[in-house]
Amino acid sequence: FSLTVMANESLANGGGPSQSKPRSLSSSAELNASMERSVQTRIFKIIVIGDSNVGKTCLTFRFTGGSFPDKTEATIGVDFREKAVEIEGEKIKVQVWDTAGQERFRKSMVEHYYRNVHAVVFVYDVTKMASFENLKTWIQECNGHHVSPSVPRVLVGNKCDLVSQIQVPSNTALKFADAHNMLLFETSAKDPKETQNVESIFMCLACRLKAQKSLLYRDVEREQGRLQLCHEPSPKNSCPC
């Protein structure tokens with residue numbers, strides 16, 4: 001956990017015991033400020049997985065940049081984008097990892113994007129039944145990399161704007177989501193009217209993660225010459241879902 005590392009670095013920069021008392025107090029104040037910043041800015045790693053061409057990259061663009069990319073190419077390996085959000089007064093970085101859907105681009109990177117993951121978004125194309133049927137394979141891969149059952153997961157049916165081409169009925173997708181303890185979102189990364197729905201997918205996960213984290217530290221207090229991290233009870237969950 002990075003808090004310990006940052007504290008040690010700050011103490012090292014503050015100097016040794018030969019410093020005068022005023023300098024020591026100043027260093028403590030700087031350390032307090034540094035620790036507060038590190039506590040307030042947490043990073044939640046969310047990975048987006050599914051078949052190639054289901055719109056994973058476009059969903060991440062819509063969430064982090066609020067726009068639909070003019071041109072996209074197949075993701076090679078893994079790419080990630082960040083967005084700073086504020087939830088109940090706490091600033092959080094949502095780091096969205098966009099993963100390759102084609103196996104030839106995945107083999108060398110698969111271990112990296114499953115490592116220390118906080119939440120998973122499974123994506124399928126509502127106009128391609130095969131992408132929905134392949135979700136079982138993606139779930140198996142996820143479980144095969146020891147992703148804890150406590151890690152939140154959601155199911156996203158993308159391209160719902162193509163109404164006349166839909167092959168995956170909503171009730172079928174809902175049964176699958178229920179069977180795997182996931183929430184279902186049907187949206188379109190391309191349709192600007194769906195921007196808020198795309199945002200809700202990731203904000204829902206961010207709110208869940210904030211609520212379930214066991215280390216919810218808020219205040220950094222100086223007590224008897226040392227820093228003490230104090231627990232704050234979990235706030236009421238204001239998850240948009």
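Which residue forms a salt bridge with Glu88? The legends below answer this and show related pairs. The model is predicted, with local features needing pLDDT of at least 70 and side-chain atom pairs counting only at pLDDT 80 or more, while totals for chains, interfaces and linings use all residues. Residues are numbered from 1 along each chain as its sequence is written, and side-chain values use heavy atoms, with hydrogens and water left out.

**View 1. Lys210 and Glu88 form a salt bridge.** In this pair, the closest N and O atoms are 3.4 Å apart, a salt bridge being a side-chain nitrogen of Lys or Arg within 4 Å of a carboxyl oxygen of Asp or Glu. Lys210 lies in helix α8 and Glu88 in the loop between β2 and β3, 122 residues apart; helices (H or I, at least four residues) and strands (E, at least two) are DSSP runs, numbered from the N terminus. Lys210 counts as buried because its relative accessibility is 2%, whereas Glu88, at 40%, is partly exposed; buried means under 20% relative accessible area, exposed over 50%, and partly exposed in between (1.4 Å probe, protein chains only).

**View 2. Glu90 and Arg42 meet in a salt bridge.** Their side chains come to 2.8 Å, N to O, and the pair links strand β3 (residues 90-99), which holds Glu90, with strand β1 (residues 42-50), which holds Arg42. Both Glu90 and Arg42 are buried.

**View 3. Glu199 pairs with Lys83 in a salt bridge.** The closest N and O atoms are 2.9 Å apart, and the pair links Glu199 in helix α8 (residues 195-212) with Lys83 in strand β2 (residues 78-87).
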